[in-house]
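Hi,

Here is the structure I said I would pass on. Have a look at it first, and then read on for what I found in it.

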Amino acid sequence: MPHLVVLYTPNLDPETNMTVLCRALADTMLQTHDDDGKPVFPTGGTRVLAYPAAHFAVADGKADYAFVYLNMRMAHGRSASTHKRVGDALLMCAKAHFQPVFKERHIGITLQIDEGHEVFDAKHSNLHPLFQASIGAPS
Amino acid sequence: MPHLVVLYTPNLDPETNMTVLCRALADTMLQTHDDDGKPVFPTGGTRVLAYPAAHFAVADGKADYAFVYLNMRMAHGRSASTHKRVGDALLMCAKAHFQPVFKERHIGITLQIDEGHEVFDAKHSNLHPLFQASIGAPS
Amino acid sequence: MPHLVVLYTPNLDPETNMTVLCRALADTMLQTHDDDGKPVFPTGGTRVLAYPAAHFAVADGKADYAFVYLNMRMAHGRSASTHKRVGDALLMCAKAHFQPVFKERHIGITLQIDEGHEVFDAKHSNLHPLFQASIGAPS
């Protein structure tokens with residue numbers, strides 16, 4: 001953790017580069033700091049995965065509507081101000097990325113952040129040791 | 001919000017039209033009313049996204065089983081009777097769609113509705129203004 | 001229910017057989033017993049679905065990192081010892097499957113188990129009757 005999963009309508013793939021969006025979102029996550037000036041997320045646990053739907057329906061279906069749903073899941077326990085800081089930064093990133101698309105077509109973008117309340121949590125990774133500065137940060 | 005995400009085994013794609021299902025589910029959402037006779041969902045926020053798995057395993061794997069998981073997420077705070085009304089309508093829609101498939105193969109269909117308990121929620125959309133009648137409805 | 005959804009970076013597909021992983025995870029679920037020696041999950045409700053991302057970003061993006069996120073959702077109300085038993089068994093299964101990959105590349109694996117807190121739950125299935133021994137088991 002954290003992870004950000006992007007579910008979207010496939011009509012966006014010809015119009016914008018979703019890999020670029022993924023990288024921009026991950027960079028935003030890595031550059032966000034908490035109230036104490038520390039990175040909110042560990043580098044080795046940061047990932048963004050994007051999935052175009054194979055089939056979809058949006059609104060009344062009478063036009064070529066597009067939709068993007070960005071859902072972040074982070075570990076339980078961070079402060080409300082951190083949630084807002086992360087959310088605002090990710091929304092700004094998404095708005096900037098989709099600005100050219102937004103001007104040209106019908107599109108809805110929704111961003112939600114969930115705290116995980118998992119009953120079991122385990123990791124097996126050789127990524128974290130690569131990023132010394134992140135050691136000790138909560139996942 | 002709301003959104004409905006459909007995760008399913010890819011052996012269904014040659015047997016039924018999942019785009020038709022998505023449209024039928026979206027129409028069902030748009031036609032559902034609450035206890036006061038008002039639409040439960042705003043038109044501009046209604047979307048259905050369906051994803052066939054790239055890899056899967058179902059039950060004991062000894063036959064060609066199929067599975068469909070329909071997961072709706074809606075905003076927190078609607079009444080239990082609204083949850084039931086939406087759930088019953090969506091289940092009836094899914095059962096009707098899969099009836100020909102159900103008679104011919106092994107298939108399991110599960111529908112669950114979650115209320116979102118997100119710690120951050122933001123929208124950026126030019127869809128909502130298209131549907132005047134929906135303005136004022138909760139998302 | 002239960003279901004296990006695997007979200008992963010597509011750079012893993014040429015390196016390991018994810019269908020084999022899905023089957024191994026499903027078998028692990030079917031072979032897990034609770035404190036009373038009964039199967040934790042019904043055969044007819046067990047499924048694993050795996051999805052490679054179409055676009056992704058991991059960590060700082062400076063190398064070819066891979067990520068696998070395994071998310072199980074099971075019905076509410078099982079014991080903490082059952083959660084741990086299921087989680088440990090699934091993690092062992094995933095670690096064994098990815099061991100050859102783990103030695104060769106940068107990869108992070110995260111497993112989380114959620115209890116569903118759905119406000120509506122319905123099933124329509126002709127799978128459960130196929131597995132008599134599972135009748136009566138919670139989903």
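Before the scores, one term: pLDDT is the predictor's confidence in each residue, on a scale from 0 to 100. You'll need it because this is a predicted model. Chain A has an average pLDDT of 93, and 94% of its residues reach at least 70. There is one stretch to treat with care: residues 134–139 of chain A have a pLDDT below 50, although in the model this stretch makes 13 contacts beyond near neighbours in sequence. Where pLDDT is low, the predicted coordinates should not be read in detail. For the model as a whole, the ipTM is 0.93 and the pTM is 0.94.

Now to how the chains are arranged. What rotation puts chain B onto chain A? The answer is 120°, with 0.0 Å of shift along the axis and an RMSD of 0.0 Å. That is how copies around a three-fold axis are related. If you want to find the axis by eye, go to Tyr51(B): of the residues of chain B, this one comes closest to the axis, with its C-alpha at 5.0 Å.

Do chains A and B touch through matching or different surfaces? The copies use different surfaces, as 3% of the contact residues of chain B recur in chain A.

Here is that contact in more detail. Chain B puts in 33 residues and chain A puts in 30. On the chain B side, four elements each supply at least two residues: strand E1 (3–8), helix H1 (18–31), strand E2 (47–52) and strand E6 (120–125). H1(B) gives the most, with seven residues. Sorted by class, the side of chain B that touches chain A has 18 nonpolar, 10 polar and five charged residues.

Strands also pair across this contact. Strand E5 of chain A, residues 107–115, runs antiparallel to E6(B), and the two are joined over six bridges.

Moving on to chain C, a rotation of 120° with 0.0 Å of shift along its axis superposes chain C on chain B, at an RMSD of 0.0 Å. In chain C, the C-alpha nearest the axis belongs to Tyr51(C), at 5.0 Å. Here too the copies use different surfaces, with 3% of the contact residues of chain C recurring in chain B.

Over to you, and happy browsing!

Terms used
Residues numbered from 1 in each chain as written. Chains lettered and ligands numbered in written order. Predicted model: local features only at pLDDT ≥ 70, side-chain atom pairs only at ≥ 80, totals over all residues. Contact = placed C-beta atoms within 7 Å. Least-squares fit on C-alpha atoms with pLDDT ≥ 70 in both. Nonpolar A, V, L, I, M, F, W, Y, C, P; charged D, E, K, R; others polar. Pairing = 2+ DSSP bridges.
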